[in-house]
Amino acid sequence: QLIIIVLTIVLIGLVVYFSLIQASLIVSLILKDKEQGVRRRIMVSPVAQIVYVLGNGAAAFVILAVQVLVFVSFITFVFPVPIGLSFFGLVFILLVFNLTGIGLGFLFCSLSDTSSGAMMIANLALMITSLLGGSYFPVDMMSPFIQKLAYAFPQFWVMRAIRQAQS
């Protein structure tokens, strides 16, 4: 029973990690547009810059929503995994978390001038924060200092929400 719980945490944790990477990748297209001169052409058009950025964020959310739906459908219907959570409950938690992922993607893009630089920052930061936030194994298995440090990472909060919804 404990093995199944830990495996579902790891499975969902990997989806959380890949969703964050995907969000950063999609949002970094703004930097790729800047590198290729597309952004300059868009800024000359009557479209406001905020509309361009929000459109990119909305596109990222739609892509991530499809990813979440496919994943949750797969583990619920194709290969039933006892996650102890309803289909819609898990979808809701992961969709809300995707908004955080998109925000982090925008943050990483603001820290770099190139899309490849933003992705290097994202990969490094997301790997470390996912590890410390409990995406790969429960935070309860970590030292007390790391358990307190985990509160600073969004992965901790989504994994905690899922665990609380499971019980």
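This is a predicted model: local features need pLDDT of at least 70, side-chain atom pairs count only at pLDDT 80 or more; totals for chains, interfaces and linings use all residues.
The α1 and α5 axes come within 8 Å, and α4 packs its buried residues against α1, α2, α3 and α5.

**The α1/α5 crossing**
- Helix α1 covers residues 2-27 and helix α5 covers residues 87-110, and their axes cross at roughly 40°.
- As for handedness, α1 goes past α5 in a right-handed crossing.
- On the α1 side, the contact is built from I12, V16, S19, L20, A23, S24 and V27.
- On the α5 side, the residues include L90, L94, F97, N98, G101 and I102.
- Sort the residues of this contact by type and you get 13 nonpolar, five polar and no charged.

**Helix α4**
- This one runs over residues 49-78, so to speak a 30-residue helix, and spans 42 Å from first C-alpha to last, close to the expected 44 Å.
- Its buried residues are Y52, N56, G57, A60, L64, A65, V68, F71, V72 and I75.
- The partners they pack against include α2 (29-36) and α3 (38-44).

**A look at V68**
- V68 belongs to α4 and has a relative accessible area of 1%, which is why it counts as buried.
- Setting aside neighbours within four places in sequence, V68 touches V91, L94, L95 and N98.
- G103 is 35 residues from V68 in sequence, with 17 Å between their C-alphas.

How values were computed: Residues are numbered from 1 along each chain as its sequence is written. Side-chain values use heavy atoms; hydrogens and water are left out. Axes are lines fitted to C-alpha atoms, for helices over the stretch in contact, and angles run from 0 to 180 degrees between N-to-C directions. Helices (H or I, at least four residues) and strands (E, at least two) are DSSP runs, numbered from the N terminus. A crossing is left-handed if the near helix is turned anticlockwise from the far one by less than a right angle, and right-handed if clockwise. Contact means heavy atoms within 4.5 Å. Ala, Val, Leu, Ile, Met, Phe, Trp, Tyr, Cys and Pro count as nonpolar, Asp, Glu, Lys and Arg as charged, and the others, Gly among them, as polar. The expected span of a helix is 1.5 Å times one less than its number of residues. Buried means under 20% relative accessible area, exposed over 50%, partly exposed in between (1.4 Å probe, protein chains only).
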